[in-house]
Amino acid sequence: MNAAMRKTGALLAKDFADLFKNPTLLVVCLLPIAFMALYTFMIGDATSDAGLTAEQQDAASPVIRQFMLGSSLCMTVGMVCTMTALYGIAEEKEKRTLRTLMLANVGASQVVASKAIVALVASTVVNAACFFVADGEPGLLGAYLALGIVGSLPIILFSLVLGLACRDQMTAGVYSVPVLLVALVPMFGMANETIEKVSHWLPTGGVYDLIGLAMDGRLLSQDALAPLGVTLAWIIVGAVVFAMLFKRLARDN
């Protein structure tokens, strides 16, 4: 157990260092923050140009803020978690780093655990930055980060499976597209009624709805049971898929 923990700790140090050294992953981590800054500027400018009264602005503020915070979470989960986990493993397979690690008696489970932790930490840090850029209420920060962690789990699990299935970074780019698109769907629920209905059942749809409930002070109410159940169901599905395919895919081919 101690040896496994030491190996995982060493892998974590290496993966965090690789995260800062890899320009692609750094840009991916900065993109959600940049988009939130852009959205904040554009929405604020549009609100001013619309000539809304103070009462109308107060009425629209909760809806806009839920969209901002929900969108930042979807983008962070879709971009950061997917790219960090999927590309990280694909890069090591392409450069034969994974083979070197296995020859050094490092288990595939330790490699996967390290990638998952790095993706979770990176997404949490980016979520925190997006929260303040989107002008979230400080009292909601804890709930927001907790929802971000929960919402990240199914995407990370699916990304790890796809990363193990990839042979190189080019394949990882193809595999990452559907995961990213699915994660971003709740952002467009306001534009189309059909998309809104579908988004409630997607991996990030549950946490998107839970953010709105948290802003209304109803996160612990019965209304939260359905979106929480959807999120937990996707976590279970991701865990089952990962458990079924891990041994088959966790080899350096």
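Mentor: Gladly! Let us begin with a term: two residues are in contact when they have heavy atoms within 4.5 Å. In this predicted model, residues 24 or more positions apart account for 80% of the contacts with a separation of 6 or more.

Trainee: What makes up the chain, helices or strands?

Mentor: The chain has 10 helices and 0 strands. Along the sequence, the pattern reads α-α-α-α-α-α-α-α-α-α.

Trainee: Why is helix 6 called roughly antiparallel to helix 9?

Mentor: Look at the axes of helix 6 (residues 141–165) and helix 9 (residues 205–215), which cross at roughly 170°. Angles over 145 degrees count as roughly antiparallel, so helix 6 is roughly antiparallel to helix 9. The two axes also come within 9 Å.

Trainee: Which residues make that contact between helix 6 and helix 9?

Mentor: Helix 6 brings Tyr144, Leu147 and Gly151, while helix 9 brings Val207, Leu210 and Ile211.

Trainee: How do you know that there is 1 polar residue in the contact of helix 6 with helix 9?

Mentor: Go by class: Gly counts as polar, whereas Val, Leu, Ile and Tyr count as nonpolar. The contact therefore has 5 nonpolar residues, 1 polar residue and no charged ones.

Trainee: Why is Ser114 called buried?

Mentor: Buried means under 20% relative accessible area. Ser114 has a relative accessible area of 0%, so Ser114 is buried. Ser114 lies in helix 5 and, not counting residues up to four places away in sequence, touches Leu11, Leu12 and Asp15.

Trainee: How much of the chain is buried?

Mentor: Buried residues make up 43% of the 253 residues. As for the surface, the chain exposes about 12,700 Å², and carbon and sulfur atoms supply 68% of that area.

Trainee: Which residues is Phe242 in contact with, leaving aside its neighbours within four places in sequence?

Mentor: Phe242 is in contact with Val112, Leu157, Leu160, Val161 and Leu164, with those neighbours left aside. In soluble globular proteins, nonpolar side chains tend to be buried together.

Technical notes: Residues numbered from 1 in each chain as written. Predicted model: local features only at pLDDT ≥ 70, side-chain atom pairs only at ≥ 80, totals over all residues. Heavy atoms only, no water. Helix = DSSP H or I, 4+ residues; strand = E, 2+ residues; numbered from the N terminus. Buried < 20%, exposed > 50% of the residue type's maximum accessible area, 1.4 Å probe, protein only. Areas by Shrake-Rupley, 256 points an atom, 1.4 Å probe, with all protein chains shown as cover. Axes fitted to C-alpha atoms, helices over the stretch in contact; angles between N-to-C directions. Parallel < 35°, antiparallel > 145°, perpendicular 65-115°, else oblique.
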